[in-house]
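Hello,

Here is the structure I said I would pass on. My notes on it follow below.

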Amino acid sequence: MNTLPLSPLSALRRDRSPQAAAPRLPLELGPPTVALAPTELLCRRGVAGACVQVQAGRVWLTETDDAQDHFLAAGEQHIVRGAGQVVVEALGPEVAVLTWLAR
């Protein structure tokens, strides 16, 4: 019976250059993808510069010191301007799926 020695997974990689670490989201952002049931609210604070992308459904978004309310549908995004509180509510009968990205 012939056996071959098993190589560690790193030896199987063709590109041996150091791998850059994936960017980490600030702790305040929480999980990068969040599903909200209809009328469910999500509140986050201190996430200035973060990008909120709507993957599915529709949401209402408001933030401290921004007089304008934002209504976003699937495929749309919003950049958080201030470091205050951000409130997002799922609108309509379907679940809203959001992705938070650090910028």
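The count of salt bridges comes to 1, a salt bridge being a side-chain nitrogen of Lys or Arg within 4 Å of a carboxyl oxygen of Asp or Glu. The side chains of Arg-81 and Asp-66 form this bridge, at 3.1 Å from N to O. The two residues are 15 apart and link distant parts of the chain: Arg-81 is in the loop between β6 (77–79) and β7 (85–91), and Asp-66 is in the loop between β4 (58–63) and β5 (70–73). Strands here are DSSP runs of E with at least two residues, numbered from the N terminus. Arg-81 is exposed, with a relative accessible area of 58%, whereas Asp-66 is buried at 17%. Buried means under 20% relative accessible area, exposed over 50%, and partly exposed in between, with a 1.4 Å probe and protein chains only.

Please keep in mind that this is a predicted model, in which local features need pLDDT of at least 70 and side-chain atom pairs count only at pLDDT 80 or more, while totals for chains, interfaces and linings use all residues. Residues are numbered from 1 along each chain as its sequence is written, and side-chain values use heavy atoms, with hydrogens and water left out.

Next, the sheet. Four strands make an open sheet in the order β1-β8-β3-β6, with antiparallel pairing; two strands pair if DSSP finds at least two bridges between them. β1 and β6 are the edge strands, each pairing on one side only. Neighbouring strands of this sheet are turned by 20° against each other on average, direction ignored; the axes are lines fitted to C-alpha atoms, and angles run from 0 to 180 degrees between N-to-C directions.

Strand β3 (residues 51–56) pairs with β6 over 3 bridges and with β8 (residues 96–101) over 5 bridges. On the β6 side, Gln-53 has Gln-77 as its bridge partner, and Val-52 stands opposite His-78. In β8, the bridge partner of Val-52 is Trp-100.

Trp-100 also belongs to the largest nonpolar core, which has 17 residues. A nonpolar core is a set of buried Ala, Val, Leu, Ile, Met, Phe, Trp, Tyr and Cys residues joined through side-chain atoms within 4.5 Å. Leu-36, Leu-42, Val-59, Val-86, Val-88, Leu-98 and Trp-100 touch the most other members. At least two residues of this core come from each of β1 (33–36), β3, β4, β7 and β8. Leaving aside neighbours within four places in sequence, Leu-36 is in contact (heavy atoms within 4.5 Å) with residues including Leu-41, Val-88 and Leu-98.

Regards
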